[in-house]
Amino acid sequence: MVKIHLSRLMGERKLKISDVARETGLNRGTITRLYHETAERIELGAIDTLCRFLDCEIGDLLELQED
């Protein structure tokens, strides 16, 4: 299972979903699904954009956990 740490990263920076959507140009629905960890898949470009925007590594955003 993949754990998505977007909500924690956004919380640390006091960012709202609307802030991230506006600043990155990513679809608000995509960000919402990642924030609430309901996303079934994500485009590599979205991961790249979020990592650059949040100034983090992929491992800070996504974590592989044992089932």
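Where does Glu-37 lie? Glu-37 is found in the loop between helix 3 and helix 4, where helices (H or I, at least four residues) and strands (E, at least two) are DSSP runs, numbered from the N terminus. The structure is a predicted model, in which local features need pLDDT of at least 70 and side-chain atom pairs count only at pLDDT 80 or more, while totals for chains, interfaces and linings use all residues. Residues are numbered from 1 along each chain as its sequence is written, and side-chain values use heavy atoms, with hydrogens and water left out.

**Backbone angles in the loops**

Most residues other than glycine have a negative phi. Glu-37, however, has a positive phi of about 55 degrees although it is not a glycine. Glu-37 is also partly exposed, with a relative accessible area of 32%; in this scheme buried means under 20% relative accessible area, exposed means over 50%, and partly exposed lies in between (1.4 Å probe, protein chains only). A positive phi in a residue other than glycine is found at Asp-55 too, with a value near 50 degrees. Asp-55 belongs to the loop between helix 4 and helix 5 (58–61), and Asp-55 is exposed, with a relative accessible area of 70%. Helix 2, for its part, is followed by Gly-25, whose phi is positive, near 80 degrees.

**The nonpolar core**

A nonpolar core is a set of buried Ala, Val, Leu, Ile, Met, Phe, Trp, Tyr and Cys residues joined through side-chain atoms within 4.5 Å. The largest such core has 17 residues, of which Leu-6, Ile-31, Leu-50, Cys-56 and Leu-61 touch the most other members. Helix 1 (6–12), helix 2 (17–24), helix 3 (28–35) and helix 4 (44–54) are the elements that give two or more residues to this core, and the largest share, five residues, comes from helix 4.

Contact means heavy atoms within 4.5 Å. Not counting residues up to four places away in sequence, Leu-61 touches a set of residues that includes His-5, Leu-6, Leu-50, Cys-51 and Cys-56. His-5 sits in the loop between strand 1 (2–4) and helix 1 and is buried, with a relative accessible area of 14%. Leaving aside neighbours within four places in sequence, the contacts of His-5 are Asp-60, Leu-61 and Glu-63.

Met-10 lies in helix 1 and is buried, with a relative accessible area of 0%. With neighbours within four places in sequence again set aside, Met-10 is in contact with Leu-15, Lys-16, Ile-17, Val-20 and Tyr-35. The C-alpha atoms of Met-10 and Val-20 are separated by 8.5 Å, and the two residues are 10 residues apart along the chain.

In helix 2, the buried residues are Ile-17, Asp-19, Val-20, Ala-21 and Thr-24, and these pack against helix 1, helix 3 and helix 4. Asp-19 counts as buried at 17% relative accessibility.

**The cysteines**

A disulfide is a pair of cysteine sulfur atoms within 2.5 Å, and by this rule the count comes to zero disulfides. Cys-51 is in no disulfide, and the nearest cysteine sulfur, that of Cys-56, is 4.1 Å away. Cys-51 is buried, with a relative accessible area of 9%, and Cys-56 is buried as well, with a relative accessible area of 11%.

**The largest pocket**

On a 1 Å grid over the protein atoms alone, a pocket is an open set of points where a 1.4 Å probe fits, with protein on both sides within 12 Å along at least five of seven lines, and lining residues have an atom within 4 Å of a point. The largest pocket has a volume of about 160 Å³, a volume being the space filled by probe spheres set on the points. Thr-30, Arg-33, Leu-34, Ala-39, Glu-40, Arg-41, Ile-42 and Glu-43 line this pocket. The lining divides into three nonpolar, one polar and four charged residues; Ala, Val, Leu, Ile, Met, Phe, Trp, Tyr, Cys and Pro count as nonpolar, Asp, Glu, Lys and Arg as charged, and the others, Gly among them, as polar.

**Separations between residues**

| Pair | Apart in sequence | Apart in space |
|---|---|---|
| Lys-14 and Glu-40 | 26 residues | 25 Å |
| Asp-19 and Ile-42 | 23 residues | 19 Å |

Lys-14 lies in the loop between helix 1 and helix 2 and is exposed, with a relative accessible area of 73%.
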